[in-house]
Amino acid sequence: MMRKENQILVDAVAAAVVSVGVFVTMVACTTGNDVLVVDDTSTVVSNVRVIQFSNDIPTIQLGKTIVIDEGRITAVRDQRSVSSKDAAKVIDGKGMTVIPGLSDMHVHIWDEAEFGSYLSYGITTVRNLSGMPFHIPLKKEIDSGERIAPRFLTTGPILNSTGPNAHINHQIVDTSAAATDAVRAQYETGFRDLKVYSNLTRDAYDAIKTDAALLGMTLSGHTPEGVRNEGIPNETPFNISFEDILDDDFVTIEHVESIVWHGLREHHDELAARALARKIARLDVAVTPTLVAHHNLLRTAREKDNFINRPGKELLNPFVLEAEQETISFWRSRPTEDLTTNDAFYKRVTEIFNEEGVTMVAGTDAGIFLNVPGKSLMDELKLLVEAGLSPYDALKTATYNPAKVLNEENERGQVAEGFVADLVFYECDPLSDISCVETPAGVMRRGNWFDQPALTAMREAAANPPYERTQTNVMAGLAAQGSVP
Ligand SMILES: [Zn+2]
């Protein structure tokens with residue numbers, strides 16, 4: 001089936017016809033003296049269909065041979081112009097589609113065992129948004145290639161002030177002095193990216209911004225709103241307005257749900273959402289919608305134990321699951337009506353953001369609540385499509401956009417010469433059916449190839465992360481941020 005479609009596209013190109021909405025590029029046929037002879041350290045993927053996400057519409061390249069050496073793509077060429085007889089490894093890409101490895105830009109890693117689940121779903125970059133000291137040596141092991149895992153990015157511990165959204169896992173800073181101390185301590189520990197949260201006071205937030213600029217640290221997170229006690233009417237303006245934050249150079253703003261709260265004061269007003277989207281797009285601030293995080297609350301209330309105990313639960317961290325029991329029972333017994341309304345509005349806002357050109361990156365809040373590592377990104381991509389994004393636009397939020405937002409668009413997020421060989425392969429076409437992403441046929445991480453049996457074994461090994469090691473990780477994290485119970 002796929003071969004037939006490819007053939008049609010190739011014929012179309014031969015006839016100098018570019019099909020509507022799709023660029024098809026082909027390297028010109030090469031002569032015998034322009035053959036690339038692959039050396040014996042290289043891996044080659046032959047005859048594969050490539051999708052690029054760097055334009056507004058898909059660029060599809062057919063019958064390509066990709067050459068990989070030392071973790072990088074060294075060539076993407078027409079099949080006939082490559083001689084791979086000496087290659088260390090040749091992977092037959094016939095019938096397969098390759099895209100850049102996926103990024104989950106909002107996760108919570110509690111233990112190293114969780115990485116395997118992400119990688120088994122084609123996720124080659126994860127960004128952790130609540131750092132703990134154990135993350136720093138782990139990152140070094142991954143960066144050096146000593147440990148096979150997705151590329152690991154992390155912020156420091158969550159910076160928040162006392163307030164209704166404060167959590168035991170937050171580093172609480174109520175004053176500018178406390179904020180300065182915390183930022184400097186995070187820098188000393190090795191963190192270079194900060195995560196800020198909703199309740200930050202004006203003083204604390206201003207100090208964080210100043211110190212971040214001095215130390216060259218980035219900001220991401222929930223937009224700080226200042227002091228706001230529970231029960232204040234929605235009409236009352238926030239201490240710090242959402243618009244105030246928009247030119248503070250955030251790498252990403254998290255959760256459409258939080259934007260509806262802070263930016264729209266919970267009003268389900270599409271015109272206001274569109275006006276806000278235009279401001280966000282104009283100031284070029286990236287948003288991580290995390291639709292799945294709210295959707296899983298709704299599913300807990302609606303499907304109860306069928307959802308709580310669904311397949312994939314074994315990939316959740318048992319230590320965290322135990323700590324979340326109360327939260328899970330709370331959502332399990334919630335009426336579904338408001339949650340259903342909110343869920344629909346968050347999707348609508350995401351669609352409006354997409355229409356207005358807001359740069360969005362895929363994230364999930366995987367690792368907390370019942371959000372399964374790896375699988376949650378598959379669910380997020382499907383929710384983005386349900387929200388009205390094309391599968392192409394949805395996939396772009398997990399491929400090209402993260403590279404762009406992280407200023408890495410020259411070496412990540414494309415299947416092209418010089419780019420890092422973090423790739424995911426499918427036997428289905430993710431552009432025609434987004435659920436294709438759930439079944440990768442192979443994953444390449446820094447040039448290391450994992451076929452389907454290897455991915456299955458990797459996911460099995462990621463089940464039931466060790467309770468005690470997680471407990472040690474978390475307790476050390478709480479102690480470091482001064483919040484031991
Ligand atoms: Zn989170």
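# Close-up views of the predicted model

**View A. Glu-266 lies in the loop between α7 (256-264) and α8 (270-282).** The model shown is predicted: local features need pLDDT of at least 70, side-chain atom pairs count only at pLDDT 80 or more, and totals for chains, interfaces and linings use all residues. Residue numbers start from 1 along each chain as its sequence is written. Helices (H or I, at least four residues) and strands (E, at least two) are DSSP runs, numbered from the N terminus. Phi of Glu-266 is near 70 degrees, a positive value in a residue other than glycine. Glu-266 counts as exposed because it has 12 C-beta neighbours inside 10 Å. For this classification, C-beta atoms are placed from the backbone; a residue is buried if 20 or more other C-beta atoms lie within 10 Å of its own, exposed if 12 or fewer, and partly exposed in between.

**View B. Lys-304 is located in the loop between α9 (291-303) and α10 (305-308).** Lys-304 is not a glycine, yet its phi is positive, at about 45 degrees. Lys-304 has 13 C-beta neighbours inside 10 Å and therefore counts as partly exposed.

**View C. An open sheet of three strands has the order β9-β10-β11, and its pairing is parallel.** Its edge strands are β9 (102-107) and β11 (151-154), each of which pairs on one side only. From one strand to the next, the twist averages 15 degrees. Pairing requires that DSSP find at least two bridges between two strands. Four bridges join strand β10 (residues 123-128) to β11 in the parallel sense. Val-126 stands opposite Phe-152 in β11. Helix α3 (residues 135-143) lies across β10 and β11 and runs at about 150 degrees to β11. Axes are lines fitted to C-alpha atoms, for helices over the stretch in contact, and angles run from 0 to 180 degrees between N-to-C directions. Contact between two residues is defined by C-beta atoms, placed from the backbone, that lie within 7 Å.

**View D. An open sheet of six strands, with parallel pairing, has the order β13-β12-β14-β15-β16-β17.** At its edges stand β13 (170-172) and β17 (286-288); each has a single partner strand, so one side of each is left without a neighbour in the sheet. The twist averages 30 degrees from one strand to the next. Within this sheet, strand β14 (residues 193-196) pairs with strand β15 (residues 218-221) in the parallel sense, over four bridges. Leu-194 has Leu-219, in β15, as its bridge partner.

**View E. β19 and β20 form a hairpin with two residues between them.** Strand β19 (residues 440-445) pairs with strand β20 (residues 448-451) in the antiparallel sense over four bridges. Val-443 stands opposite Phe-450 in β20. In the turn, Arg-446 has a positive phi of about 45 degrees.

**View F. Ala-457 belongs to helix α17 (residues 452-461).** Ala-457 counts as partly exposed because 13 C-beta neighbours lie inside 10 Å. Between Ala-457 and Ser-117 the sequence separation is 340 residues, while in space they are 10.0 Å apart, C-alpha to C-alpha.

**View G. The domain assignment gives domain 1 (2-95) and domain 2 (102-412 + 457-480).** The C-alpha centres of domain 1 and domain 2 lie 36 Å apart. These bounds come from an automatic or database domain assignment. By comparison, the UniProt annotation "domain: Amidohydrolase-related", from an unreviewed entry, covers residues 98-449. UniProt positions are given in the numbering used here, feature names are shortened, and annotations may be inferred rather than shown by experiment. Over residues 98-449 the chain is 41% helix and 15% strand, and the end C-alpha atoms are 13 Å apart.

**View H. The protein as a whole, which gives the setting for the other views, has 18 helices and 20 strands.** Its radius of gyration is 23 Å, close to the 23 Å that the globule rule gives for 485 residues, so the protein is as compact as a globular protein of that length. The radius is taken over C-alpha atoms, and the rule is 2.2 Å times the number of residues to the power 0.38. The C-alpha trace spans about 75 × 50 × 50 Å along its principal axes. Of the 485 residues, 49% count as buried. Among contacts with a separation of 6 or more, 75% are accounted for by residues 24 or more positions apart.
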